[in-house]
Amino acid sequence: MLCLGIESTAHTVGVGVARQQDKTEILANVNSSYSPSIGGIHPREAAEHHVKALPELMEKSIEAAGIEFEDLDVISFAKGPGLGPCLRVGATAARTLALTLKKPIIGVNHCIAHIEIGKMTMGCKSPVMLYVSGGNTQVISYRQKRYRIMGETLDIGIGNLLDKFGRQFSIPFPCGPRIEELARTGKKMLDLPYSVKGMDVSFSGILTSLSTLSGEKLEDLCFSLQETAFAMLVEVTERAMAYLEKDELLLGGGVASNQRLREMCSIMAKERGAGAFVPKGQYCVDNGAMIALLGLLMKDQASSDLDRTKVNQNFRADEVEVTWL
Ligand code: AMP
Ligand code: MG
């Protein structure tokens with residue numbers, strides 16, 4: 001069984017191929033990212049980038065997998081959550097391919113795809129996932145046929161916080177890597193709002209507070225931002241692990257590239273006697289492989305009914321009944 005998956009929820013467009021035989025494996029994972037010349041992601045510009053990049057990515061993924069388009073059994077795409085114009089590009093490409101090849105199609109949840117690729121590549125069984133990306137920040141775990149959102153940001157995503165802060169200092173998008181670098185030489189811990197509500201977090205107060213601090217070194221601002229925001233994330237993740245009695249922590253999303261966040265998560269997991277799992281970079285960021293993998297897991301729900309292929313910008317992980325676990 002072979003599935004080609006298309007990811008296009010935000011600034012990255014990707015195509016992956018996954019195969020299920022005796023075991024499940026990723027055969028191809030090719031991606032291309034849009035980066036704005038100035039400011040943050042412009043949805044229409046990002047969508048235009050995806051339109052241009054997709055034909056070549058599709059060819060490349062088939063070539064890398066060593067198969068022909070006709071060998072595919074099912075086509076999957078990220079149905080949401082994400083930016084409308086970007087989602088529609090991926091969905092349209094997937095529909096076109098499915099119609100041309102006369103194969104069934106399935107729209108899958110992007111956040112669940114992050115969890116499943118993390119589980120598969122890291123070999124963990126039933127983790128609490130801390131999903132930290134540009135637009136999304138959620139603590140998710142499986143319980144009784146659903147991936148439950150135990151906690152989440154009440155306003156902006158952690159990546160969005162970093163990018164919005166960085167933009168004020170003309171750091172090019174995506175700002176996370178540069179902020180991480182600057183934070184390494186920061187020493188002074190500035191007082192920022194630490195906003196945890198149960199298992200939810202709120203980041204907009206930190207952003208406002210940072211913009212009112214004057215005369216502080218940029219390195220100290222970056223250091224304090226990371227220490228405060230990451231501590232909040234680790235706290236709510238630990239709370240979910242304790243509540244659900246889970247002993248595996250899985251990280252995912254672009255912000256999971258951050259070494260300091262990884263370190264804080266590892267320390268927390270170690271102190272609880274739990275394992276911390278961080279997938280390889282190419283599987284942490286948005287990618288086509290994870291969409292192909294989830295397409296395989298959900299292949300029984302794939303159909304030729306195009307009415308079922310509408311995108312959903314606010315698609316939540318807990319809307320999906322998990323039939324494959
Ligand atoms: P995603 O939405 O999952 O593609 O992730 C993109 C987000 O990850 C952007 O907000 C980036 O600023 C952020 N990001 C990427 N690398 C790092 C890093 N090393 N530290 C913190 N954030 C990062
Ligand atoms: Mg993502």
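1. Basis. This is a predicted model, in which local features need pLDDT of at least 70 and side-chain atom pairs count only at pLDDT 80 or more, while totals for chains, interfaces and linings use all residues. Residues are numbered from 1 along each chain as its sequence is written, chains are lettered from A and ligands numbered from 1 in the order in which they are written, and side-chain values use heavy atoms, with hydrogens and water left out.

2. Helices (H or I, at least four residues) and strands (E, at least two) are DSSP runs, numbered from the N terminus.

3. Burial at the site. H114 is buried at a relative accessible area of 1%, and Y131 is buried at 0%. Buried means under 20% relative accessible area, with a 1.4 Å probe and protein chains only.

4. Ligand 1. G134, D163, G176, E180 and G254 come nearest among the 17 residues around ligand 1, where near means a heavy atom within 4 Å. A polar side-chain atom of D163 is 2.6 Å from an oxygen atom of the ligand, and a polar backbone atom of G176 is 3.0 Å from an oxygen atom of the ligand. N258 places a polar side-chain atom 3.0 Å from a nitrogen atom of ligand 1. Of the 500 Å² of accessible area that ligand 1 has on its own, the protein covers 91% (Shrake-Rupley method, 1.4 Å probe).

5. An open sheet with mixed pairing has the strand order 8-7-6-11-12; two strands pair if DSSP finds at least two bridges between them. Strand 8 (146–152) and strand 12 (275–277) are the edge strands. L130 has L251 as its bridge partner in strand 11.

6. Strand 4. Seven of the seven residues of strand 4 (residues 74–80) are buried, so the strand is largely enclosed by the rest of the structure. Strand 4 runs parallel to strand 1 (residues 2–7), joined by four bridges, and parallel to strand 5 (residues 105–109), joined by five. S76 in strand 4 stands opposite G5, and F77 has G107 in strand 5 as its bridge partner.

Terms used
Buried means under 20% relative accessible area, exposed over 50%, partly exposed in between (1.4 Å probe, protein chains only). A polar contact is a pair of N or O atoms within 3.5 Å; within protein, one must be able to donate a hydrogen and the other to accept it, and residues adjacent in sequence count only if both atoms are side-chain atoms.
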